[in-house]
Amino acid sequence: MQNPPAPLAALEESWAVLGGAVDEMVWFSDPATGRVLYTNAAFERFWGRHAGNLGPAAEALLDLVAADDVARIRQARAGLPRQGYIEEYKATQPRLGERGSRLARVREQAGVLPTPGAAARVAHIARDVSWQFDTTARLRAEISRRTDAERHLNDANARLQALLATANDAVITIDESSLVIDWNNAAERMFGISRTEALGQRITELIVPHGHRPHHDHGIREFLRTGKGTILHRRVETRALRRNGEEFDVELSVWPVRTAEGFTFSSFVRDISRRKAAAKALADSEAKYRKVVENVNEGILVTAGGRILYANPRALALTGLDEQTAMSRPFIEFIHPDDRERVLGNHLRRLKGEPVENYYQFRVMHEQGPLRWLEISAVVFEWQGAPATLNFLTDVTQRRQAEDEMRHALRRERELSEMKSRFVAVASHEFRTPLAAILSSVELLDDYGPRLPEEERKEILGLIKNAVTRMNGMIEQVLLTSKLESGRFVFAPGLQSVPHLLEQLLAELVQANPQAARVLLRCQAVDAPRLVDAQLVRHVLVNLLSNALKYSSAPAPVVCTAQADGPTLRLEIADRGIGIPADDLPRLFQTFHRGGNVGNIQGTGIGLHIVKECVELHQGRIEVESVQGEGTTFRVHLHAPLAPA
């Protein structure tokens, strides 16, 4: 049973004391549960039973009631608690100890107890009226009963008045005209008005604020007219007035009581001004801190059980989610898959109290934009009675981008530095040879020019021209590399006949290098004109064919095959040369990188880098297969669609 307020509990105690002091059989029941709550001593002596073994209140004692009375008593009890009853019936009084069993006549009365502010209770009072058939005995018993009842009632009233006088809550009773007829000590302390001053005064003039007085008068009139009231039998919060004019918050419980003169209205009044002030202070504090939390530049999350319990606006903005979506799904779903294990593991270990990294970074998937990098710090605290984590999130996306850009710049700077170093090394080696040839040829001409035969002078001049041509080619490759890397080389496709373009390139290559006669050209299903950039294709094929000729020996052929596959043009250059060591393949297309097995074969290490840049500019890709000592095959895939119809 739910515990009633202290004054109500005291009233129930008084009723119980009264029931224990009278000769009538008394028992209380709860109509909501149908359970018998209390039986007095007289009941237990008469029936030999108690509250614990009576069963449901509606069926109590019916097994002892005479068969012709059972239906009537059951029907009367069915009307409770809406309607009380007074019934007489015959019943068998059980044998108890030395007392034998007998047929008795019982008068039973039942009705609802006044229980302000709590659930109703039903009181049953029964007496043995078998003696009423003996007039003399009945009169004597009635006189004795009334005398005892008056004495016990006076005692109960005295105890009740003492209880009300010492209660902590104000207890006030008024009549139908709102005149005060009872005013306890707590009311004197609460309102600053003595009992003598209050008795006989209108309650509205004493303690009801002006704005509430019309409602009070209307409520009493409505109850007297209809028997219903909006604030009766329940707790309500309202305002009251002290003697000094101060208004304060109170909790009020009112219940009506019918008397011979009409209705009275009793009430418990509790001062809740301190509680309301504390609640307001707490609400103000919560509002202040909520304002701070909702306007900080950091995201704040409360998480527990794998879900988000609270998210401030900044946290929602970092993920692009609305509050409903954020709280309806596990928070791990918003985290980048590569970071989920780390974040969830830290969250669970932190809840268990295990050591965990306090600051770390992870990625979240933003609903309307790119990935965001967040830095998190978290602490464990209690949220609504359960352990949770308070998480502070900072957007470090720009910082990460700046760090990545800085690392990229440093890496690029190192690459440039290494490239410069390699260029100096290559240039010092590759330029020294033609310069030495030029110098020695010039010295021969200077010392022996007039005396040298014409054919020998022409040969020396040819050596000088070849050396200059070689140096010029190396310089052109360096300049082309710079142009490609700076983005100044533009992809400009035009309609070309692929076989014609390849034959023209091969003819130019044979004229410049007689070894190019070893190249075998094969064209398969590429007769239709295609959109290609002739200049980029020229750089690709010239470098790949030159390398194939340079690193393979005559008479081994170099095969150049052209094939088409939809919009893709495939070029394959295969040789039977020295091949490329496996360790060199990952760095094959880096600037100035040369294979470890080239020995004294001339070269700058720029050509394949130019090839890769040109292929990618042509929206293609390049593949290489090589076995050291057996040969190398390069496969180039270029985007070269057919001419539009």
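The model I am presenting is a predicted one. In it, Leu61 has a positive phi of about 70°, although Leu61 is not a glycine. Is Leu61 buried or exposed? Leu61 counts as buried, because its relative accessibility is 2%.

Ala525 sits in the loop between β17 (519-524) and β18 (530-532). Its phi is near 55°, again a positive value in a residue other than glycine. Ala525, however, has 67% relative accessibility and therefore counts as exposed.

The protein chain comprises 18 helices and 22 strands. Of its 645 residues, 39% count as buried.

I turn next to the peptide bonds. The bond from Leu80 to Pro81 is cis, with omega near 0°. Pro81 has its place in the loop between α3 (67-78) and β3 (85-93). A cis peptide bond also joins Ala554 and Pro555, with omega at about 5°. Pro555 belongs to the loop between α17 and β19 (558-565).

Now to the helices. Two packed helices are described by the angle between their axes and the distance between the axes. How do α16 and α17 pack, and at what angle? Helix α16 (residues 498-512) and helix α17 (residues 534-550) pack at about 50°, and their axes are 11 Å apart. That angle makes α16 oblique to α17. The crossing of α16 past α17 is right-handed. On the α16 side, the residues that meet α17 are Leu501, Leu502, Leu505, Glu508 and Leu509. Their partners in α17 include Ala534, Val537, Arg538 and Leu541. By class, this contact of α16 with α17 has 9 nonpolar, 1 polar and 2 charged residues.

Helix α17 has a further partner in helix α18 (residues 607-617): the two axes come within 9 Å and cross at roughly 150°. Here α17 passes α18 in a left-handed crossing. From α17, the residues involved are Leu536, His539, Val540, Asn543, Leu544 and Asn547, and among those they meet in α18 are Leu608, Ile610, Val611 and Cys614. By class, the contact of α17 with α18 has 9 nonpolar and 4 polar residues, and no charged ones.

Cys614 brings us to the cysteines. Cys614 is buried, with a relative accessible area of 1%. How many disulfides does the structure hold? The number is 0. Cys523, for instance, is in no disulfide, and the nearest cysteine sulfur, that of Cys560, is 7.4 Å away. Cys523 counts as partly exposed, because its relative accessibility is 33%.

Ala104 lies in strand β4 (residues 102-113) and, at 3% relative accessibility, counts as buried. Ala104 and Lys90 are 14 residues apart along the chain, with their C-alpha atoms separated by 5.8 Å. Beyond its neighbours within four places in sequence, Ala104 is in contact with Phe46, Tyr89, Lys90, Ala91, Asp128 and Ser130. Ser253, in turn, lies in strand β9 (residues 247-259) and counts as buried at 9% relative accessibility. With neighbours within four places in sequence left aside, Ser253 is in contact with Arg234, Arg235, Ser266, Ser267 and Phe268.

Technical notes. Residues numbered from 1 in each chain as written. Predicted model: local features only at pLDDT ≥ 70, side-chain atom pairs only at ≥ 80, totals over all residues. Heavy atoms only, no water. Axes fitted to C-alpha atoms, helices over the stretch in contact; angles between N-to-C directions. Helix = DSSP H or I, 4+ residues; strand = E, 2+ residues; numbered from the N terminus. Parallel < 35°, antiparallel > 145°, perpendicular 65-115°, else oblique. Left-handed = near helix turned anticlockwise from the far one by under 90°. Contact = heavy atoms within 4.5 Å. Nonpolar A, V, L, I, M, F, W, Y, C, P; charged D, E, K, R; others polar. Disulfide = S-S within 2.5 Å. Buried < 20%, exposed > 50% of the residue type's maximum accessible area, 1.4 Å probe, protein only.
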